[in-house]
Amino acid sequence: MGIRTERKRAAFFSFLLFDIDYFKAYNDTYGHIQGDECLKEVAKIAKSVVFDESAFVARYGGEEFGILLPRANQYEAIKMAEAIRQKVEERGIVHQASEVFKCVTISVGIMTVVPSENIQPISIVHQADQALYEAKRTGRNRISVHSHHKEADSNV
């Protein structure tokens, strides 16, 4: 008779920050009314893909969106981000002014942590923003993950 042990799963928290690639050019080309429709469509796509009922999707800035994933580890966050990125691209919203693709695309930054008293919410947002910047810097229409360990950083 063996001893049964349970391994406690770490409580992860992930934050996705994404925006529409070359959105200013989209607005300049199609106008602000069509730009607003584009934002609504991307928001609808993001909400339809989120597979965790505890998640929260919100517009964060002009063309930025944030998704709080209270129980998602890094793998789950990447999986969700990639599903949203693919669905936006597959939707095929025409964007002739984009330098990436002739349809609307998004870039995504991800930050995953094990919550503690030492981690400030603003630092999670800041680090997701740094990952978003990296996704844009390396070509857009991609995902970048911020990690405390440099060797664990990855682009999808």
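A residue is called buried when its relative accessible area is under 20%, exposed when that area is over 50%, and partly exposed in between, using a 1.4 Å probe and protein chains only. R91, for instance, is partly exposed, with a relative accessible area of 44%. The model you are looking at is predicted, so local features need pLDDT of at least 70 and side-chain atom pairs count only at pLDDT 80 or more, while totals for chains, interfaces and linings use all residues. Residues are numbered from 1 along each chain as its sequence is written, and side-chain values use heavy atoms, with hydrogens and water left out.

Let us start with the whole chain. It holds four helices and six strands, in the order β-α-α-β-β-α-β-α-β-β along the sequence. Helices (H or I, at least four residues) and strands (E, at least two) are DSSP runs, numbered from the N terminus. Of the 156 residues, 43% are buried. Contact here means heavy atoms within 4.5 Å; among contacts between residues at least 6 apart in sequence, 66% join residues at least 24 apart.

Two strands count as paired if DSSP finds at least two bridges between them. Strand 1 (residues 13–20) runs antiparallel to strand 3, joined to it by six bridges, and L16 stands opposite I67 of strand 3. Strand 2 (residues 56–59) is also antiparallel to strand 3, with four bridges; here A58 has G66 as its bridge partner. A hairpin of four residues leads from strand 2 to strand 3.

Next, follow helix 1 (23–30). Its buried residues are F23, Y26 and N27. They cover an arc of only 95° around the axis, which puts them on the same side of helix 1; the arc is taken from the directions from the helix axis to the C-beta atoms. These buried residues pack against strand 1 and helix 2. On the other side of helix 1, K24 and D28 are exposed. D28 and K24 also form a salt bridge, with their closest N and O atoms 2.9 Å apart. A salt bridge means a side-chain nitrogen of Lys or Arg within 4 Å of a carboxyl oxygen of Asp or Glu. The two residues are four apart in the helix, about one turn. Just after helix 1, G31 takes a positive phi of about 95°.

Helix 2 (residues 32–49) has 18 residues, and at 1.5 Å a residue it should span 26 Å, which agrees with the 26 Å between its end C-alpha atoms. The expected span is 1.5 Å times one less than the number of residues. Its buried residues include G35, C38, L39 and E41. The buried residues of helix 2 pack against several elements, among them strand 1, helix 1, strand 3 and helix 3 (74–91).

E41 counts as buried, at 17% relative accessibility. Across the whole structure, a search finds ten salt bridges.
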